[in-house]
Structure formats: structure tokens, C-alpha cells
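This report concerns ligand surroundings, a pocket and backbone geometry in a single protein model. The sequence and structure are shown first.

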Amino acid sequence: MERLLFVASEAYPLIKTGGLADVAGSLPEVLRQQGMDVRLLLPAYQQVLETIAPPTLVAELDVHGTPLRILGTTLPGTALQTWLLDHPLFTGRPGNPYLDTHGQPWPDNAERFLLLCRLAAAIAVGEAGLDWIPDILHCNDWHTGPAIALTHLHHPRPRTVFTVHSLAHMGLFDRATFERLQLPEDFWHEDAMEFYNQVSFIKGGLVYADCITTVSPNYAREICESPGGMGLEGLLRQRRKHLTGILNGIDSAVWNPAMDPHLAKRYSARSLGDKVRNKRALQARLGLAEGNERPLLGLVGRLVAQKGLELILPVLDEILALPVQLAVLGTGESHYEQLLQARAAANPDTMAVVLAYDENLAHGIEAGADIFLMPSLFEPCGLNQLYSLRYGTLPLVRAVGGLADTVVDSNPQTLADGTATGFVFEQPDAAELLAALRRATALWYDQKQWRQVQRNAMRQDFSWQHSANLYHQLYISPLKT
Ligand code: ADP
Ligand code: GLC
């Protein structure tokens with residue numbers, strides 16, 4: 001039985017800020033169910049310790065001069081053994097894994113996540129004094145990149161896999177921080193972790209991993225070119241042979257409209273008539289005018305430029321002049337929050353904005369909306385459009401990253417051959433977004449066709465099984481040289 005150490009900075013339902021948590025909270029459990037011996041490693045944030053039953057003590061150790069503890073628990077709702085790095089750098093802090101209560105990055109994030117990396121590397125090379133040593137170390141995003149680089153200081157070392165969920169965050173720190181971290185001086189090199197006179201944690205994964213993956217085939221292509229590669233395209237092209245795009249799956253138990261405890265009324269492709277009960281419940285909850293005379297648009301996500309707010313805001317008045325309603329749930333940059341809130345206050349019957357992180361409402365919008373807006377500027381995979389497909393809430397997306405891989409535009413041909421699942425536009429241009437929205441709204445009034453597209457969407461299978469098999473193959477197949 002292969003042993004896998006899966007390391008991430010967040011995992012649902014213990015702690016979540018975005019899609020990384022959804023992946024780290026579901027893929028390792030599926031791999032365990034498929035027969036691997038898996039440990040999930042993440043920091044023991046204060047919020048995590050507050051939500052779990054008292055953990056066990058797995059080990060007390062000293063990592064690079066720092067005393068710490070590994071606590072053991074199981075990921076709620078699963079049998080996945082989860083190890084928590086217990087140290088005051090994580091435990092004594094309220095709020096977000098990355099940001100303080102004022103929304104600023106913790107000033108010692110480099111030290112915090114390097115400690116996670118040093119522990120992961122120590123476990124991976126058998127220096128943590130545990131009787132469990134992995135065959136594969138799988139790290140995710142910048143927070144865990146140096147763990148992969150550090151395993152190269154040892155022989156033997158396990159196979160290493162690094163998954164890029166987003167290149168937008170590279171974990172960049174200045175030379176003084178690099179010196180404080182006491183990483184080997186060789187790492188300060190353009191062929192190692194140096195990037196334009198800073199240290200880049202993500203390069204620890206990109207340069208040193210045996211296999212690099214990213215979360216959709218299309219994003220794997222995009223990051224090998226500019227602008228998608230964000231300055232790392234040269235390195236990624238060099239490593240192209242070792243780079244694979246594997247589409248994220250979804251937790252089909254958590255995101256299932258037929259069983260979802262958050263819904264006013266559960267439904268399936270066979271009882272789509274019941275979906276409208278969720279629309280009415282959502283309208284009532286958000287104070288929108290109630291009724292089913294016009295489509296309800298939903299948007300759930302981080303309110304940041306990545307998610308296409310620069311495409312929505314310039315045409316928001318035109319959007320609200322269509323026969324639609326709009327429900328937004330998210331948190332993010334304060335100027336977006338304020339602009340959205342002001343438009344909602346001026347249009348209380350047609351637009352509602354909730355500036356919060358709210359799992360229950362996220363499910364309510366997925367079920368209650370007719371159309372899900374996701375016009376991202378870039379999107380490595382995107383999970384919300386996958387949830388929307390499953391909920392028969394047709395996604396309207398830009399043809400970028402994983403969105404292009406997962407949504408099929410409704411046009412005469414795809415409507416005729418039964419492959420249409422949503423609405424897709426090409427360029428990052430507000431006028432194109434508006435045109436796609438007009439097409440979507442027009443189709444909504446043709447309820448017979450709309451139902452058909454909903455059924456096409458709900459028939460798609462984005463459960464983890466297929467993608468988990470691809471990861472498993474990567475873990476065990478001969479390495480490319
Ligand atoms: P990203 O990881 O770039 O934020 P994804 O689409 O991959 O985008 O994943 C976002 C995840 O976070 C989804 O599960 C989504 O439902 C959730 N989410 C984002 N914002 C909120 C919010 N304000 N309230 C509840 N869930 C949210
Ligand atoms: C990142 C990406 C998102 C992806 C998620 C999980 O946050 O922005 O597109 O779905 O990671 O892989």
C-alpha cells in the first residue's frame with residue numbers, strides 16, 4: 001500500500017478560504033478510499049483546534065531547532081488521518097490562515113509556512129522519528145513549495161508532486177527574510193528559488209518537484225505562455241514534460257442538490273420543477289422581489305479582480321436593466337464591496353449583496369439562482385461553475401483556464417446535439433459579457449430548451465474518481481527523465 005503525505009495550508013471543513021480547501025478536503029480522502037495509506041498535514045490554526053474534538057498527541061519533536069508537536073485527528077466526515085502542526089506561530093492567532101484581523105498578511109508568513117515545510121520534509125525523509133515514512137510527498141501552492149526543495153538535501157527521498165492551484169500567489173519575500181529563514185545559500189539562485197531578487201516559495205515546488213500538476217488541462221497550457229505564466233512561463237516551459245493538468249473533482253456528497261441539507265427544497269434532474277422553491281426562498285431571504293418572471297443571477301466568490309469584477313461593474317446598470325435579478329455573496333477588496341453594496345441599496349428589488357463568508361447561503365445561491373456568473377480574468381480550475389452545473393444553475397463563464405474545460409456554450413449546434421451546458425464568452429470585455437448574458441436571458445424564456453440544457457449540465461460527472469485515478473497513476477508510474 002503506497003504511503004502518501006498530502007500537505008496543504010487549508011482543508012474543508014476544518015479551515016477554508018477558497019477552492020484549495022475544497023480540494024485538500026476531498027482528494028486525499030478519495031485516494032484513501034481507493035487504497036492508499038494517506039496522512040493529511042496542515043497547521044493547527046486556532047480555528048481548527050476550536051472546532052475539533054480533543055486531538056491525540058502523535059509526536060513531539062525538534063525541527064531545525066524549533067520544538068513542535070504533531071497532533072492527530074480525523075478530517076470530520078471522513079476516516080482520513082489528519083496531522084496538525086502545533087506551534088504558537090499558528091495556534092495563537094485569530095482569523096484567517098494568511099491575514100490578520102485587519103486583512104493584512106501576517107508579517108511572519110515566511111517563517112510560519114517554512115515551519116510547515118520543514119516539518120513536511122522531515123517526515124518525508126524519515127527524520128521526524130515517526131514509524132511512518134511516505135513514498136510520495138504531495139504539496140500544494142506556495143505555502144508548501146520549499147518542502148519539496150528541502151527533500152533534495154537528503155538521500156533517499158520520496159517522490160515529490162507539486163500542485164499549482166494558482167500562480168497568482170508566489171510566496172515572495174526579500175533577501176533579509178531569506179537570510180533569517182536560514183535556507184541553504186544555493187537556494188538563492190535563479191535556477192532554484194530566487195525570482196527577481198526575492199525568494200519565491202512557489203519555485204521550491206516548480207523547480208524541484210518530480211511531477212508538477214495544475215488543476216485543469218487548459219491552465220497547464222496557459223501557464224507555459226505569457227501572460228498566464230506570470231513571469232514563470234520560461235521555467236514552466238523547461239519543465240513542460242513534467243507538468244500535467246488534472247481537472248479538480250468535486251465532493252459529490254457535499255454538493256448534491258438531491259441531498260443538500262442547506263436547501264429549502266431538495267431536487268434532482270427528474271424533479272427540476274422543485275428548484276424554483278429554492279429561488280423563492282433565496283429571494284425572501286435576501287429581500288428581493290419574489291416571483292419567477294425573470295431569471296435570477298448568482299455570484300459567489302472572492303471579490304477580487306481575478307473573478308472578473310472589472311467586467312461586471314462597468315455594465316452593472318445595463319445588467320440590472322435586463323429582466324433579471326442579481327444575488328452576490330462574497331468578501332474581498334473593499335472598493336468592490338462598497339460599489340456592489342451601493343448598487344444593491346439603490347435597487348433593492350433586483351439586487352442583493354451579502355458581504356460575508358457563508359456556506360449555507362453559498363449552497364442556497366447555487367440552488368436558487370438560474371444563472372451563475374463567473375466571468376473570471378483567469379481561473380486555474382474553478383469549482384463554483386462545477387457546483388452550478390450539478391445544481392442545474394447554468395454557468396456563464398469566460399473561456400479561460402478550467403472554465404473553458406468544463407462549460408460548453410449554448411449555440412444552435414450544441415443545443416441540437418445535447419452538449420450545451422452553459423454560456424461562454426471569449427474576450428475579457430464587458431460588452432461580450434453583456435452579450436452572453438442577453439443570450440442566456442433569452443434562452444431562459446424558452447423553458448423547454450432551458451430544461452434540456454439544465455439536464456445536460458446535471459448529467460456531467462465531475463466527481464473525483466477519474467481525476468484521483470490520474471493522480472494515482474502519477475504517483476506510481478515510472479518517472480520521466
Ligand atoms: P477560488 O479558490 O479561486 O476562490 P474556486 O471556485 O475554486 O475559487 O473555489 C471557491 C470556493 O470558496 C467555493 O467552494 C465557494 O463556494 C467558496 N466561497 C467563496 N466565497 C465564499 C463566500 N463568501 N461564502 C461561502 N463560500 C464561499
Ligand atoms: C485556486 C484557483 C481556483 C481553483 C482552486 C482549487 O484558488 O483560483 O481556480 O479551483 O484553487 O484548485
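The coordinates come from a predicted model, and the descriptions below should be read accordingly.

**Ligand 1**

Ligand 1 is surrounded by 21 residues. Lys16, Gly19, Asp22, Arg302 and Ala356 are the closest of these. By class, the shell around ligand 1 comprises eight nonpolar, seven polar and six charged residues. From the backbone, an N or O atom of Ala356 lies 2.8 Å from a nitrogen atom of ligand 1. On its own, ligand 1 has 570 Å² of accessible area, and the protein covers 93% of it. Two elements give two or more residues to the shell around ligand 1, namely helix H1 (19-24) and helix H16 (384-390). With regard to domains, the shell around ligand 1 takes at least three residues from domain 1 (3-249 + 465-476) and at least three from domain 2 (269-460).

**Ligand 2**

Around ligand 2 there are 13 residues, of which His165, Asn248, Glu379, Cys381 and Gly382 come nearest. The shell of ligand 2 divides into six nonpolar, five polar and two charged residues. An oxygen atom of ligand 2 is 2.7 Å from a side-chain N or O atom of His165. For Gln306, a side-chain N or O atom is 3.2 Å from an oxygen atom of ligand 2. Gly382 contributes through its backbone, with a polar atom 2.8 Å from an oxygen atom of ligand 2. Taken alone, ligand 2 exposes 310 Å², and the protein buries 92% of that area. Domain 1 (3-249 + 465-476) and domain 2 (269-460) each provide at least three residues of the shell around ligand 2.

| Residue | Residue atom | Ligand atom | Distance |
|---|---|---|---|
| Ala356 | backbone, N or O | ligand 1, nitrogen | 2.8 Å |
| His165 | side chain, N or O | ligand 2, oxygen | 2.7 Å |
| Gln306 | side chain, N or O | ligand 2, oxygen | 3.2 Å |
| Gly382 | backbone, polar | ligand 2, oxygen | 2.8 Å |

**The second largest pocket**

The volume of the second largest pocket is about 440 Å³. Its lining holds 25 residues, and Gly25, Ser26, Asp251, Ala253 and Val254 are the closest to its centre. Helix H2 (27-33), helix H15 (359-368) and helix H21 (464-476) are the elements that give two or more residues to this lining. H2 supplies the largest share, three residues. In terms of class, the lining of the second largest pocket is made up of ten nonpolar, ten polar and five charged residues. At least three lining residues of this pocket come from each of domain 1 (3-249 + 465-476) and domain 2 (269-460).

**Backbone geometry in loops**

The bond from Tyr12 to Pro13 is cis, with omega near 5°, and Pro13 is found in the loop between strand E1 (3-7) and H1. H1 is also one of the helices that give two or more residues to the shell around ligand 1. His155 and Pro156 are likewise joined by a cis peptide bond, with omega about -10°. Pro156 is located in the loop between helix H6 (145-151) and strand E7 (159-164).

A further backbone feature concerns phi. His64 is not a glycine, yet its phi is positive, at about 50°. His64 occupies the loop between strand E3 (56-63) and strand E4 (66-74).

Technical notes:
Residues are numbered from 1 along each chain as its sequence is written. Chains are lettered from A and ligands numbered from 1 in the order in which they are written. This is a predicted model: local features need pLDDT of at least 70, side-chain atom pairs count only at pLDDT 80 or more; totals for chains, interfaces and linings use all residues. Side-chain values use heavy atoms; hydrogens and water are left out. A residue is near a molecule or strand if one of its heavy atoms lies within 4 Å of it. A polar contact is a pair of N or O atoms within 3.5 Å; within protein, one must be able to donate a hydrogen and the other to accept it, and residues adjacent in sequence count only if both atoms are side-chain atoms. Accessible areas come from the Shrake-Rupley method with a 1.4 Å probe; for residues, only the protein chains shown count as cover. Ala, Val, Leu, Ile, Met, Phe, Trp, Tyr, Cys and Pro count as nonpolar, Asp, Glu, Lys and Arg as charged, and the others, Gly among them, as polar. Domain bounds come from an automatic or database domain assignment. Helices (H or I, at least four residues) and strands (E, at least two) are DSSP runs, numbered from the N terminus. On a 1 Å grid over the protein atoms alone, a cavity is a set of points where a 1.4 Å probe fits but cannot get out, and a pocket is an open set with protein on both sides within 12 Å along at least five of seven lines; lining residues have an atom within 4 Å of a point. Grid points are joined across faces, edges and corners, and a volume is the space filled by probe spheres set on the points.
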